Amino acid sequence: RHGAAQLSDRLGDENARVQQGFLSLLNLALLEPPPRLLKLLADHQPFLPALMRLLEHATAAVRGKVLVSLRLLSTADPTFLSAAADLRLFPALDRLSRDKDPYLVTCLQSFLHALSETLPAVASAIARALLATGKPSVTAGKAKPPPPGQDRQPMKPPLSLLPVLLHALT
């Protein structure tokens, strides 16, 4: 817990070199992330908003490293992609696409390539989940309705990734 809090604090540091250094360390750790690291980052609420705020940073190198971080996070666990989409990832990508910095353009292309590879698997998983929810459970020849309140529970993966697919397609 303490490590994620320090990481979030350093991502909010005013010095761009400190931010770049911590983003580089994060990206190295995310190349082959242990499940414990992913859980730590997912459970620490301020982490992803701090990372997403850096997409508006004045330094192109910081913005590029954030895109690499998001690529690695979403490849390791697509729920990070969903959470980033909730934090307005796709409008930020649209703004970043207008930037001419070569490093940032390369990072953006890499992120979009990873997204294009992830989306078909997400769409297949969503389709399978929708098919599974459409099949009624049968007991004694009658369809069993869901218990009251269960039809309004939060979506579970992969259905929770449906907004990501919608944003990416529009």
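A residue counts as exposed when its relative accessible area is over 50% and as buried when that area is under 20%, with partly exposed residues in between. These classes are applied below to a predicted model.

The protein has nine helices and two strands. From the N terminus on, the elements follow the order α-α-α-α-α-α-α-α-β-β-α. Of the 170 residues in the protein, 36% are buried. The accessible surface of the protein comes to about 10400 Å², and 59% of this area is supplied by carbon and sulfur atoms. Among contacts with a separation of 6 or more, 70% are between residues 24 or more positions apart.

The number of salt bridges is four. One of them involves Arg98, whose nitrogen lies 3.0 Å from the closest carboxyl oxygen of Asp94. Arg98 has a relative accessibility of 54% and is therefore exposed, the cut-off being over 50%.

Another salt bridge joins the side chains of Arg95 and Glu56, with an N to O distance of 2.5 Å. This pair links distant parts of the chain, 39 residues apart: Arg95 belongs to helix α7 (residues 89–96), while Glu56 is located in the loop between α4 (47–53) and α5 (60–76). Arg95 is partly exposed, with a relative accessibility of 40%.

A salt bridge is also formed by Asp99 and Arg63, the closest N and O atoms of which are 2.5 Å apart. Here too distant parts of the chain are linked, as Asp99 lies in the loop between α7 and α8 (102–134) and Arg63 in helix α5, 36 residues apart. Arg63 has a relative accessible area of 9% and is therefore buried, the limit being under 20%. Asp99, at 22% relative accessibility, counts as partly exposed.

Helix α5 also packs against helix α6 (residues 78–86), with an axis separation of 5 Å and an angle of about 130°. The two helices are therefore oblique to each other, because an angle between 115 and 145 degrees falls in that class. On the α5 side, the contacting residues are Leu70, Leu73, Ser74 and Ala76; these meet Pro78, Phe80, Leu81 and Ala84 of α6.

Arg88 is situated in the loop between α6 and α7. Its phi is near 70°, a positive value in a residue other than glycine. Most residues other than glycine have a negative phi. With a relative accessible area of 55%, Arg88 is exposed.

Gln19, in helix α2, is buried, with a relative accessibility of 3%. Not counting residues up to four places away in sequence, Gln19 is in contact with Arg10, Leu11, Gly12, Asp13, Leu54, His57 and Val62.

A nonpolar surface patch is made up of Leu25, Leu28 and Leu31, which together have about 330 Å² of accessible area. Leu31 is placed in the loop between α2 (16–30) and α3 (35–43). At 55% relative accessibility, Leu31 is classed as exposed.

How values were computed
Residues are numbered from 1 along each chain as its sequence is written. This is a predicted model: local features need pLDDT of at least 70, side-chain atom pairs count only at pLDDT 80 or more; totals for chains, interfaces and linings use all residues. Side-chain values use heavy atoms; hydrogens and water are left out. Helices (H or I, at least four residues) and strands (E, at least two) are DSSP runs, numbered from the N terminus. Buried means under 20% relative accessible area, exposed over 50%, partly exposed in between (1.4 Å probe, protein chains only). Patches are made of residues with over 30% relative accessible area and no salt bridge: like charges are joined within 9 Å, nonpolar side chains (Val, Leu, Ile, Met, Phe, Trp, Tyr) within 5 Å. Accessible areas come from the Shrake-Rupley method with a 1.4 Å probe; for residues, only the protein chains shown count as cover. Axes are lines fitted to C-alpha atoms, for helices over the stretch in contact, and angles run from 0 to 180 degrees between N-to-C directions. Angles under 35 degrees count as roughly parallel, over 145 as roughly antiparallel, 65 to 115 as roughly perpendicular and the rest as oblique. Contact means heavy atoms within 4.5 Å.
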